[in-house]
Amino acid sequence: MTDAVKKLHIKTYGCQMNVYDSERMAEAMGAKGYALTDDPAEADMVLLNTCHIREKAAEKVYSDLGRLRPLKDAKPDLKIGVAGCVAQAEGEEIMRRMPLVDLVVGSQAYHHLPKMVEAVERGERPVDIEFPVEDKFEHLPERPMAARPTAFLTVQEGCDKFCAFCVVPYTRGAEVSRPVERILGEAQKLVAKGVKEITLLGQNVNGYHGAGPEGVWGLGRLVRALAEIPGLERIRYTTSHPNDMTDDLIAAHGEEPKLMPYLHLPVQSGSDRILKLMNRKHTAEAYLRLVERIRAARPDILLSSDFISGFPGETEQDHRDTLALIAAVGYGSAFSFKYSPRPGTPAADRSGVDAETADRRLQELQALISRQQHATQEAMVGREVSVLFEKPGRLPGQWIGKSDYLHSVFVAAEGPRQGDLVRVRITSSAQNSLAGELL
Ligand code: SAH
Ligand code: SF4
Ligand code: F3S
């Protein structure tokens, strides 16, 4: 009773949570007889899993849809779907502006996708951007994934923080944590398929408060329970809010060797005035004290962050405060973005910093961050790290993997080595990667 195999092409924009969601949608469509293809030209269905975080990201969806026009003209049966955060935010508008789109599925409705495709087959143009009461994860099929060493696992979704610039509380909805047993079960299945490293995902992952045996569990307790799964060697989590770093989670960084020494802890700005205007609910000083406590628990931890330049009201002094905070922390890496006003967010109507100034400040942030990245990479040279091989490099006899500190490391190693966890001595540092030799 299996259908002839149809081909599905998924393009994923935005954050790791979208990467995870794309995988789950591929699995749901796999159960309907769709196999994945990298080539949109041979696809029977193209799904864009979109991001709304900045204007550029959102606009890209419309230009990519325009580029699908000739494919649809050549193959009128081609189904085109829009998923993710732009779908959630602008579903009806997409349908109006883009007649070639057959379905729009919001970020919480992916378990409805197979049914929606059937509706398209009946000639409908379904839109589902509700925040349903049921949990999409529990209504998605079992994960029949291919063997590979690393995987994402979403444990928490949504955000109740309402930073003044951010669309996530609107596109992903309120904070929801998955139950402990579900997460442990999914992790065990991933490990049984060969996964050695799991990255726990959530828009505010450290705000995790899932129902578990004996009441509600925080992320620290969840990490410790996951660490007991034999064969799971590495645990990471992202993205964290400074106000949700609990004592227990910080302690886990010192006590649990499987918890990797790398933490993405976005601060956004180093100016208390701007942090207040951003509704971040913490000061620069509180963040610096938090960093001290984390480093006391795990002295070698590498930190990263996100920064926004040119937030409405940002003065030269505020910008210098951000540079000072970066200098005080010393990041292993960090992302910085020019502020982009997003419709519906509290900051959208405030008048911004002029583009030239915001660009210049962004460049100054990036220059300082890149010097710090360079310095932390150089400091790795001569050190021993563990590397989990993920894929062969471009040169013969070369493998690429990630170190404990999330650096990409190139290593000379013969044979099929995917999934090997090896000890490596770092021998040199390049732009965005390290090279090392097997010990
Ligand atoms: N939940 C995470 C990440 C949210 S989005 C957190 O709280 O940190 C990822 C990053 O995009 C944010 O950290 C922020 O730096 C950036 N960002 C969000 N909205 C933005 C906007 N309107 N303009 C520019 N950057 C933005
Ligand atoms: Fe957005 Fe702030 Fe929530 Fe992060 S904490 S997702 S930046 S609203
Ligand atoms: Fe983008 Fe949505 Fe992630 S807006 S960053 S895809 S949560």
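Modeller: Strands S15 (302-309) and S16 each contribute at least two residues to the shell around ligand 1. Helices (H or I, at least four residues) and strands (E, at least two) are DSSP runs, numbered from the N terminus. This is a predicted model, in which local features need pLDDT of at least 70 and side-chain atom pairs count only at pLDDT 80 or more, whereas totals for chains, interfaces and linings use all residues. Residues are numbered from 1 along each chain as its sequence is written, chains are lettered from A and ligands numbered from 1 in the order in which they are written, and side-chain values use heavy atoms, with hydrogens and water left out.

Ligand 1 is surrounded by 15 residues, and the closest are Phe165, Gln203, Gln268, Asp306 and Ser340. A residue counts as near a molecule or strand if one of its heavy atoms lies within 4 Å of it. By type, the shell around ligand 1 has six nonpolar, four polar and five charged residues. Here Ala, Val, Leu, Ile, Met, Phe, Trp, Tyr, Cys and Pro count as nonpolar, Asp, Glu, Lys and Arg as charged, and the others, Gly among them, as polar.

Several atom pairs can be described one by one. The side chain of Asp306 has a polar atom 2.6 Å from an oxygen atom of ligand 1. In the side chain of Gln268, an N or O atom is 2.7 Å from an oxygen atom of the ligand. Phe165 takes part through its backbone, where an N or O atom lies 3.0 Å from a nitrogen atom of ligand 1. Taken alone, ligand 1 exposes 530 Å², and the protein buries 89% of that. Accessible areas come from the Shrake-Rupley method with a 1.4 Å probe; for residues, only the protein chains shown count as cover.

Gln268 is not a glycine, although its phi is positive, at about 80°. With a relative accessible area of 8%, Gln268 is buried; buried means under 20% relative accessible area, exposed over 50%, and partly exposed in between (1.4 Å probe, protein chains only). Leaving out residues up to four places away in sequence, Gln268 touches Phe165, Met278, Arg280, Ser305, Asp306, Phe307 and Ile308. Contact here means heavy atoms within 4.5 Å.

Phe165 and Arg280, both touched by Gln268, also belong to the residues around ligand 2. The shell of ligand 2 divides into seven nonpolar, two polar and two charged residues. Phe162, in the loop between strand S8 (156-157) and helix H5 (168-171), has a positive phi of about 55° although it is not a glycine. Phe162 is partly exposed, with a relative accessible area of 36%.

A salt bridge is a side-chain nitrogen of Lys or Arg within 4 Å of a carboxyl oxygen of Asp or Glu, and the structure holds 38 of them. One of these joins Asp359 and Lys338, with the closest N and O atoms 3.1 Å apart. Asp359 lies in helix H12 and Lys338 in strand S16 (residues 333-338), so this pair ties together parts that are 21 residues apart in sequence. Asp359 is partly exposed at 31%, and Lys338 is partly exposed at 32%.

Helix H12 is reached from helix H11 as well. Glu316 and Arg361 form a salt bridge whose closest N and O atoms are 2.8 Å apart. Since Glu316 lies in helix H11 and Arg361 in helix H12, the pair ties together parts that are 45 residues apart in sequence. Arg361 is buried, at 4% relative accessibility, whereas Glu316 is partly exposed at 28%. Glu316, Arg361, Glu314, Arg360 and Glu364 are linked in a network of salt bridges.

Technical notes. Polar contact = N/O pair within 3.5 Å; in protein donor to acceptor, adjacent residues only side chain to side chain.
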